[in-house]
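Me: I want to learn what the terms in a structure description rest on. Let me ask about them one at a time.

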Amino acid sequence: MEAIQLREELFREMNPMLDSEDMLRKMLDFVRSLFIEQKNAEKKQALDKIDHAFNQLHQMQGGELKGITAEDLLNEL
C-alpha cells in the first residue's frame with residue numbers, strides 16, 4: 001500500500017473514535033509509545049555499532065584482526 005492509501009485508511013478507522021475523550025487518550029498514549037520505541041531502537045543501533053567498533057579495536061590490539069591503512073580505506077571509497 002502506498003502512504004496516501006495508508007493515511008486514508010488510518011483516518012477512516014480513527015474517525016469514529018475522535019468523539020470519545022477516552023479513545024483519544026488511548027490513541028495518544030499509543031502514538032507516544034511508538035515514538036519512544038523508535039527512539040530506543042535507534043539508540044540501540046548506535047550503541048551496537050559503537051560496541052562493534054570497540055570489539056574490533058580490541059581484536060586489533062590483541063593481534064587477532066589486522067587493520068587497513070587510511071590510504072587503503074580512502075582508495076576503497
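Me: What makes aspartate 48 partly exposed?

Reply: Its relative accessibility is 40%. Buried means under 20% relative accessible area, exposed means over 50%, and partly exposed lies in between, with a 1.4 Å probe and protein chains only. So aspartate 48, at 40%, counts as partly exposed. One caution: this is a predicted model, where local features need pLDDT of at least 70, side-chain atom pairs count only at pLDDT 80 or more, and totals for chains, interfaces and linings use all residues. Residues are numbered from 1 along each chain as its sequence is written, and side-chain values use heavy atoms, with hydrogens and water left out.

Me: How do you know that aspartate 48 forms a salt bridge with lysine 44?

Reply: The N to O distance between their side chains is 2.9 Å. A salt bridge needs a side-chain nitrogen of Lys or Arg within 4 Å of a carboxyl oxygen of Asp or Glu. The pair is therefore a salt bridge. Why can such pairs form at all? Side chains of opposite charge can pair when their charged atoms come close.

Me: Where do lysine 44 and aspartate 48 lie?

Reply: Both are in helix 2, four residues apart, which is about one turn of the helix. A helix here is a DSSP run of H or I with at least four residues, a strand is a run of E with at least two, and numbering starts at the N terminus.

Me: How many salt bridges does the structure hold?

Reply: There are three. Glutamate 21 pairs with arginine 25, with the closest N and O atoms 2.5 Å apart. Both residues are exposed. Aspartate 22 pairs with lysine 26, and here the closest N and O atoms are 3.5 Å apart. Aspartate 22 and lysine 26 sit four residues apart in helix 2. Glutamate 21 and arginine 25 also lie in helix 2, with a spacing of four residues.

Me: Is aspartate 22 buried, partly exposed or exposed, and why?

Reply: Its relative accessible area is 46%, so aspartate 22 is partly exposed.

Me: Why is phenylalanine 35 called exposed?

Reply: Phenylalanine 35 has 56% relative accessibility, so it counts as exposed. This residue lies in helix 2, which covers residues 21–61.

Me: What makes Phe30, Val31, Leu34 and Phe35 a nonpolar patch?

Reply: Patch residues have over 30% relative accessible area and no salt bridge; nonpolar side chains (Val, Leu, Ile, Met, Phe, Trp, Tyr) are joined within 5 Å, like charges within 9 Å. Phe30, Val31, Leu34 and Phe35 form such a patch on the surface, with about 400 Å² of accessible area together. Leucine 34 is partly exposed at 40%.

Me: Why is lysine 43 called exposed?

Reply: Lysine 43 has 54% relative accessibility, so it counts as exposed. Lysine 43 is found in helix 2. Its C-alpha atom is 31 Å from that of aspartate 72, 29 residues away along the chain.

Me: How does the radius of gyration of the chain compare with that of a compact globule?

Reply: The radius is taken over C-alpha atoms, and the globule rule is 2.2 Å times the number of residues to the power 0.38. For 77 residues a compact globule would have a radius near 11 Å, but the chain has 23 Å. The C-alpha atoms fill a box of roughly 65 × 25 × 15 Å along the principal axes. Buried residues make up 1% of the 77 residues.

Me: How many helices and strands does the chain have?

Reply: The chain has three helices and zero strands. Along the sequence, the pattern reads α-α-α.

Conventions:
Areas by Shrake-Rupley, 256 points an atom, 1.4 Å probe, with all protein chains shown as cover.
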